[in-house]
Structures are given as C-alpha cells and as structure tokens.
Amino acid sequence: MPKISVEVPAELLNDLDEHVGEDGKFVNRSEAIRASVRKTLDILDDIDERQGRLDDEQ
C-alpha cells in the first residue's frame, strides 16, 4: 500500500481523534483517514453520476 504524507490542521486532527481508539469507531488514525477518503470518493461518484459525468463502463 503506498504511503503519503499530508499536512492536516490541528482542528481536523482533534476532531478525527475523537473517533479513534478503544471507545471510538476506528482503531487508529490511518483507518479513520482511509474511511474518510473512501466516503468522500463515494459521494463524489454520486455527484458525478447525477451530473451525467460518469462513463457507462464504471
């Protein structure tokens, strides 16, 4: 799996950390970030589909 480096504002990281850990939805930050990216891409696909911008082959 490729690794990337990205700067994240402290406010976003603090919000993210509320969902990570023993009592959180995610085991670690990496898992939370991957889930967020996946969800964002799904939403963008939905928008593109509504706007007729997706190829029929997808």
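Arg53 is exposed, with a relative accessible area of 51%, where exposed stands for over 50%, buried for under 20% and partly exposed for what lies in between (1.4 Å probe, protein chains only). The structure is a predicted model, in which local features need pLDDT of at least 70 and side-chain atom pairs count only at pLDDT 80 or more, while totals for chains, interfaces and linings use all residues. Residues are numbered from 1 along each chain as its sequence is written, and side-chain values use heavy atoms, with hydrogens and water left out.

Arg53 forms a salt bridge with Asp48, their closest N and O atoms being 2.9 Å apart; the term describes a side-chain nitrogen of Lys or Arg within 4 Å of a carboxyl oxygen of Asp or Glu.

The protein has two helices and zero strands, both kinds of element being DSSP runs numbered from the N terminus (helices: H or I, at least four residues; strands: E, at least two). With a radius of gyration of 15 Å, well over the 10 Å that the globule rule gives for 58 residues, the protein is more spread out than a compact globule; the radius is taken over C-alpha atoms, and the rule is 2.2 Å times the number of residues to the power 0.38. The C-alpha trace spans about 40 × 25 × 20 Å along its principal axes, and of the 58 residues 5% count as buried.

A search of the whole structure finds three salt bridges. In one of them, the side chains of Asp17 and Arg29 meet at 2.8 Å, N to O. Asp17 lies in helix α1 (residues 10-17) and Arg29 in helix α2 (residues 29-50), so this pair ties together parts that are twelve residues apart in sequence. Asp17 is partly exposed, with a relative accessible area of 29%, and Arg29 likewise counts as partly exposed, at 40%.

Another salt bridge joins the side chains of Asp42 and Arg38, at 3.3 Å from N to O. These two residues are four apart in helix α2, and about one helical turn separates them. Asp42 is partly exposed at 35% relative accessible area, and Arg38 counts as partly exposed at 45%.

Finally, the charges can be viewed together: the mean positions of the 8 positive and 16 negative charges are 2 Å apart, with Lys and Arg counted as positive, Asp and Glu as negative, and His and the chain ends not counted.

Key. Charge placed at Lys NZ, Arg CZ, Asp CG, Glu CD.
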